[in-house]
Amino acid sequence: MAKVSFIIDKVPVDVRSAKNDFHRAIFEEMEKYVQRTLGTEKCPEHGQEPEVIYVGQDPTKLFPGVHACCDKMTRLVQAKLRI
Ligand SMILES: [Zn+2]
C-alpha cells in the first residue's frame, strides 16, 4: 500500500497523532482515498511503492506531492490521483 503522510505547518503529523478528531477524520479520509485509488500499485521497474505527502498550513488546505523511486512512477501516481 502507498504510504500517506502529512506535514502540517512544517511539522510531520501521523494520522494517529492528529491534533483532534476533526484533523484525524480528514487524514483518515485522504489516506483511504489514496490507498483506494492506488491500491497496491508498484513501480513496474523498481517494485517500490510510492509515498504521497500532503503539505499545508492546516488540514483543510493541503497540497499533494508524490515521492516515488523514479519520474515514471511519480507521473503514474500523479495521473491516477489527478494531481
Ligand atoms: Zn521506479
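Arg82 is exposed, because 7 other C-beta atoms lie within 10 Å of its own; a residue counts as exposed at 12 or fewer such atoms, as buried at 20 or more, and as partly exposed in between, with C-beta atoms placed from the backbone. This is a predicted model, in which local features need pLDDT of at least 70, side-chain atom pairs count only at pLDDT 80 or more, and totals for chains, interfaces and linings use all residues. Residues are numbered from 1 along each chain as its sequence is written.

Arg82 is found in the segment after helix 2 (71-81). Helices (H or I, at least four residues) and strands (E, at least two) are DSSP runs, numbered from the N terminus. Lys10 is found in the loop between strand 1 and strand 2, and Lys10 counts as exposed because it has 7 C-beta neighbours inside 10 Å. Most residues other than glycine have a negative phi.

| Residue | Phi |
|---|---|
| Lys10 | near 70° |
| Arg82 | near 55° |

Four strands form an open sheet with mixed pairing, in the order 2-1-3-4. Two strands pair if DSSP finds at least two bridges between them. The edge strands, strand 2 (11-13) and strand 4 (62-67), each pair on one side only. Strand 1 (residues 3-8) pairs with strand 2 in the antiparallel sense over three bridges, and Phe6 stands opposite Val13 in strand 2.

Helix 1 (residues 21-38) packs on the sheet and touches strand 1 and strand 3 (51-56); contact requires C-beta atoms, placed from the backbone, within 7 Å. The direction of helix 1 makes about 145° with that of strand 1. Axes are lines fitted to C-alpha atoms, for helices over the stretch in contact, and angles run from 0 to 180 degrees between N-to-C directions.

Terms used:
Two residues are in contact if their C-beta atoms, placed from the backbone, lie within 7 Å.
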